[in-house]
Amino acid sequence: MSSYIIEGGKKLEGEVTVSGSKNASLPIIAATILNKGITKLYNIPNIHDTQITLEILKYLGCKIKKSRGKIEINSKNIIKKDIPEHLMNQMRSTVILAGAIIGRFREAKFSYPGGCDIGSRPIDLHLSSFQKLGINIVEDSGFITCKCDKIIGANINLDFPSVGATENIILASIYAEGTTQITNAAMEPEIVDLAKCLNKMGAKIEGAGTNIIKITGIQKLKDISYTVMEDRIEAGTLLCAGAITGGNICLNYKTPEHITPLINKLEEAGCKINIENKKIFMQAPKKLKAVDIKTMPYPGFPTDLQSVLASTLCTAKGTSVIVENIFENRYRYVPELKKMGAKITIEGKTAVIKGTRKLSGAKVKSTDLRGGACLVLAGLVAKGITTVTNIEYILRGYENIDKKLNKLGAKIILKESEN
Ligand code: UD1
């Protein structure tokens with residue numbers, strides 16, 4: 001396992017650019033399976049999770065060419081309709097590929113997906129939605145086989161606005177007979193990006209970004225080029241990195257409206273934020289003030305920014321209260337932050353953070369993607385050296401986060417594992 005060695009105490013200053021969105025790239029790469037031709041994608045981040053998704057596409061029979069920021073996917077001759085267990089296990093969003101494979105071939109075989117251990121993360125909403133579209137599902141020895149003669153449009157009400165389930169329904173129903181309507185759909189910007197990409201290919205998706213999405217089945221998609229949106233979670237993480245160090249940073253980021261809840265909380269904590277010309281300028285105070293947050297589906301405060309804001313608040317003045325409403329295991333980073341001197345207590349969904357004057361460098365272990373990122377942030381402000389181990393979790397979702405932070409004045413060294 002690789003590590004980051006961080007020398008704390010450097011104030012971040014300067015300008016940094018946000019990469020393409022991981023969570024938009026994954027369903028959009030899956031969507032290319034539906035196009036029986038060539039799709040050119042721009043702004044796909046070069047991270048573990050996109051690499052695994054592309055590896056699965058290659059296994060299926062897609063031809064993939066990469067050149068300077070562009071990925072060209074030729075899905076004409078897909079020959080396989082299953083996802084191998086060793087690739088399926090690598091991350092949870094592999095489940096999205098199922099919807100695309102079923103959508104194109106009316107059959108798919110896959111095992112239960114893997115991913116960060118941040119909660120039970122069932123896929124019951126995905127599977128029951130497939131069934132509503134007329135797809136038969138057989139589960140046997142950990143494998144799920146989906147099959148049907150035709151996919152038939154249906155009204156699907158989600159018990160919870162699951163991002164992945166909403167994406168899977170969209171992907172599975174592109175070629176359906178008739179119209180599919182999702183109510184209580186997830187409203188995340190990544191869903192809007194997926195719909196924009198598919199509509200550019202010729203799909204008929206209305207209402208993405210609202211809680212009712214209508215998909216009218218079509219016969220054929222066409223070849224397109226598409227630029228994936230920027231990563232709002234990376235943008236938020238970089239702002240928190242600036243805030244925790246009392247820094248003064250400028251983020252090149254065109255869609256600040258996607259992170260309004262974080263911007264509001266950072267302002268409440270005392271940061272001065274100006275948005276001009278597709279840039280966010282943030283000047284953090286010497287000492288932040290405590291704030292309270294509750295994670296919610298979009299447009300609420302994102303669960304993916306809960307941990308990074310939590311570590312930012314460890315050295316704030318006063319007591320912050322966090323309520324995590326989306327995933328039950330999203331406080332696994334807390335014992336690690338405590339090794340650095342953070343004062344946090346957890347009871348059920350609630351974490352209470354008592355601001356402490358300083359954090360101290362320690363050897364800490366990433367527990368999951370966003371939990372790992374929050375330890376890096378704590379390392380930026382801690383006295384002395386912090387070693388964050390198991391950073392493979394971080395590399396799943398952040399493109400060059402060490403280089404970006406170093407460009408802003410941090411001192412992070414990547415120590416690659418020897419095996
Ligand atoms: C996506 C994001 C992830 C983010 C999450 C919530 C991607 C690749 N990942 O994950 O970064 O943290 O949205 O914003 O886009 N649930 C069920 N049954 C299901 C599906 C979900 O009970 O079939 C529950 C989950 O356990 C969880 C909640 O719904 O409690 C939200 O999950 P969901 O929105 O599906 O998250 P993901 O799509 O996995």
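Here is a short walk through the structure, one selection at a time.

This is a predicted model, where local features need pLDDT of at least 70 and side-chain atom pairs count only at pLDDT 80 or more, while totals for chains, interfaces and linings use all residues. Residues are numbered from 1 along each chain as its sequence is written, and side-chain values use heavy atoms, with hydrogens and water left out.

Start by colouring the two domains: the assignment (automatic or from a database) gives domain 1 as 3-17 + 230-415 and domain 2 as 22-227. Their C-alpha centres lie 31 Å apart, and the contact (heavy atoms within 4.5 Å) takes 22 residues from domain 1 and 23 residues from domain 2.

Now zoom in on that contact and pick Arg396 and Asp49. Their side chains meet in a salt bridge at 3.4 Å, N to O; the term asks for a side-chain nitrogen of Lys or Arg within 4 Å of a carboxyl oxygen of Asp or Glu. Between the domains the count is two salt bridges.

Asp49 is one of the buried residues of H2, as are Ile52 and Leu60; buried means under 20% relative accessible area with a 1.4 Å probe, protein chains only. Those buried residues pack against partners including helix H1 (22-31) and strand E4 (63-67). Just after H2, select Gly61, with its positive phi of about 125 degrees.

Last stop: show Ile170, which, leaving aside neighbours within four places in sequence, is in contact with residues including Ile182, Leu194 and Ile213.

Key. Buried < 20%, exposed > 50% of the residue type's maximum accessible area, 1.4 Å probe, protein only. Helix = DSSP H or I, 4+ residues; strand = E, 2+ residues; numbered from the N terminus.
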